[in-house]
Amino acid sequence: MGHVVGFTEMLRQFQSGGAGQIQMQRAGQSMAYHEFYQDDFRPREHYLPMWEHIQTTGQQILGAKARDAHLTLHTEGVTFTVYSNDEEGIERVWPFDILPRIITAIEWAQIEAGLKQRIRALNLFLKDLYHGQRILKDGVVPPELIYRGKDFRREIMDITPPHDIYTHISGVDLIRDEDGRYLVLEDNLRTPSGVSYMIENRIVERRILPEFFARYRVRRVEHYPALLLQALRHLSPRGAEDATIVVLTPGIFNSAYFEHTFLAKEMGVELAEGRDLVCKNDKVYLKTTQGLRQVDVVYRRVDDDFLDPLVFRSDSELGVAGIINAWRAGNVALANAPGAGIADDKAVYAYVPDIIRYYLGESPILPSVPTYQMTDHQDRMYVLDNMEKMVIKAVAESGGYGMLMGPSSTTAQRAEFARKIEENPRNYIAQPVIQLSRHICYLDGELESRHLDLRPFSIYGSDIEVVPGGLTRVAMTKGSLVVNSSQGGGSKDTWVLAD
């Protein structure tokens with residue numbers, strides 16, 4: 001019982017630690033929305049069963065559960081790779097916090113509707129860009145923004161992918177602002193990663209905290225590989241029943257290689273590198289011990305630049321020579337489609353609300369974060385004068401790379417980014433710093449609040465399916481707003497409650 005009393009005292013101290021935030025709010029300063037408890041530090045209604053369990057469990061048992069989770073992830077080989085400045089990869093066990101994030105059914109209904117709307121509009125946008133370019137002719141999106149974009153692929157103009165689908169797998173990043181509203185932070189439509197960690201988080205959570213699940217009706221995420229397989233089969237030029245599908249990976253040194261192997265295994269399909277495939281007569285074949293086997297669908301985790309040395313980078317050894325011609329001929333489906341990256345360009349992101357209105361005639365369900373275009377003189381001057389208040393991002397980077405966090409930056413770093421912006425304005429955008437919502441985490445025997453975001457995953461097959469959950473990424477460093485695992489972030493299991 002002593003452990004419970006001691007832990008209850010720690011909980012009381014944790015709650016009282018919010019007094020400073022109340023003072024900030026009264027002083028007119030922005031205060032991050034706390035997802036776990038209300039302004040008076042009473043847990044929100046949907047967290048009450050979990051809170052009661054935490055109070056009765058005690059610190060010692062929670063600590064043991066956290067160690068069990070780490071050991072399970074280590075034993076199962078759930079890892080990711082962080083690259084240092086000298087480009088050496090360091091493999092680490094996936095960082096996981098055992099206290100789940102809970103999203104109510106009402107909140108999820110809005111998220112799901114907003115994501116479906118956004119993905120449908122972006123898909124129509126890509127179809128238009130690579131065919132008639134009506135949106136550019138009508139002046140809704142500046143043509144120079146597209147033509148100067150690194151990920152606009154002129155090489156694939158007029159290619160029609162199966163069922164006109166370009167974005168088969170999407171991972172759209174969401175945050176909650178100071179008022180608790182869900183906002184879209186950015187779109188990930190090229191080769192979005194993280195879904196395997198979403199599933200592993202759930203498997204580990206069910207194993208070590210089954211008593212949590214007994215108090216809630218939580219919707220499943222473990223069926224994602226089945227949904228993905230069904231969508232990939234839907235793309236097969238020779239029909240779904242006899243489709244041969246491969247996951248194309250850059251190889252073992254890629255930071256997401258664990259995910260590539262995980263998904264291939266779960267779907268029961270081959271994991272292949274570029275050297276395992278060959279193109280003949282505009283068809284793609286897998287090399288097997290029984291000879292060549294025709295491939296119908298390639299779920300590629302290789303970036304456009306390296307996908308086909310005959311079309312993109314001629315020095316690439318990761319892709320398959322001739323695969324674009326096979327795709328053009330309609331003999332193979334590629335997911336996601338080459339060229340989709342222009343739709344998640346961070347400069348194009350600012351126009352997505354207009355894109356939704358243009359193609360769907362609807363107002364955006366999920367608002368976007370205000371974005372300053374560095375190609376606009378007034379925007380650029382404002383940002384350069386207020387860099388300490390901004391997050392500045394390279395438009396084609398991901399994983400937290402190529403980014404300046406203004407409030408934590410040095411004078412030298414700001415000067416360096418100002419120089420880069422002046423040299424190539426098209427390569428950068430800026431957004432005001434938004435205090436990401438916070439949640440309690442159990443870290444080193446203590447309850448701490450940390451900032452987080454959410455990456456739900458959507459699959460576009462015969463229809464758009466949004467998996468009820470997603471990867472909640474957590475900024476493990478106190479006060480940090482950077483949640484990327486490559487920058488030291490961690491994760492939580494994400495629970496969507498049934499009605």
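## Exercises on a predicted model

At 72% relative accessibility, N281 counts as exposed. The model used here is predicted.

**Exercise 1. Is D158 buried or exposed?**

Solution. 
- Step 1: D158 belongs to the loop between α7 (143-147) and β4 (169-171).
- Step 2: the relative accessible area of D158 is 55%, so D158 is exposed.
- Step 3: look at the backbone too. D158 has a phi near 70°, a positive value in a residue other than glycine.

**Exercise 2. Which peptide bond at N336 is cis?**

Solution. 
- Step 1: locate N336. The loop between β13 (333-335) and α13 (352-360) holds N336.
- Step 2: read omega. The bond joining A335 and N336 is cis, with omega about -10°.

**Exercise 3. Describe the surroundings of S491.**

Solution. 
- Step 1: S491 is in strand β23 (residues 490-496).
- Step 2: buried means under 20% relative accessible area. S491 has 0%, so S491 is buried.
- Step 3: The S491 side chain reaches the backbone oxygen of P95 at 3.1 Å.

**Exercise 4. How do α4 and α8 pack?**

Solution. 
- Step 1: take the geometry. Helix α4 (residues 59-75) and helix α8 (residues 195-208) pack at about 135°, with axes 10 Å apart.
- Step 2: classify. Angles over 145 degrees would count as roughly antiparallel. α4 and α8 are therefore oblique to each other.
- Step 3: The crossing of α4 past α8 is right-handed.
- Step 4: list the contact. α4 supplies K65, D68, A69, T72 and L73, while α8 supplies V204, R207 and I208.
- Step 5: sort by class. This α4 contact with α8 has four nonpolar, one polar and three charged residues.

**Exercise 5. At what angle do α10 and α11 pack?**

Solution. 
- Step 1: helix α10 (residues 224-235) and helix α11 (residues 257-267) pack at about 75°, with axes 9 Å apart.
- Step 2: that angle makes α10 roughly perpendicular to α11.
- Step 3: Y224, P225, L228, L229 and L232 of α10 meet L263, E266 and M267 of α11.
- Step 4: the α10 contact with α11 has seven nonpolar, no polar and one charged residues.

How values were computed. Residues numbered from 1 in each chain as written. Predicted model: local features only at pLDDT ≥ 70, side-chain atom pairs only at ≥ 80, totals over all residues. Heavy atoms only, no water. Axes fitted to C-alpha atoms, helices over the stretch in contact; angles between N-to-C directions. Helix = DSSP H or I, 4+ residues; strand = E, 2+ residues; numbered from the N terminus. Parallel < 35°, antiparallel > 145°, perpendicular 65-115°, else oblique. Left-handed = near helix turned anticlockwise from the far one by under 90°. Contact = heavy atoms within 4.5 Å. Nonpolar A, V, L, I, M, F, W, Y, C, P; charged D, E, K, R; others polar. Buried < 20%, exposed > 50% of the residue type's maximum accessible area, 1.4 Å probe, protein only. Polar contact = N/O pair within 3.5 Å; in protein donor to acceptor, adjacent residues only side chain to side chain. Lists of a residue's contacts leave out its neighbours within four places in sequence.
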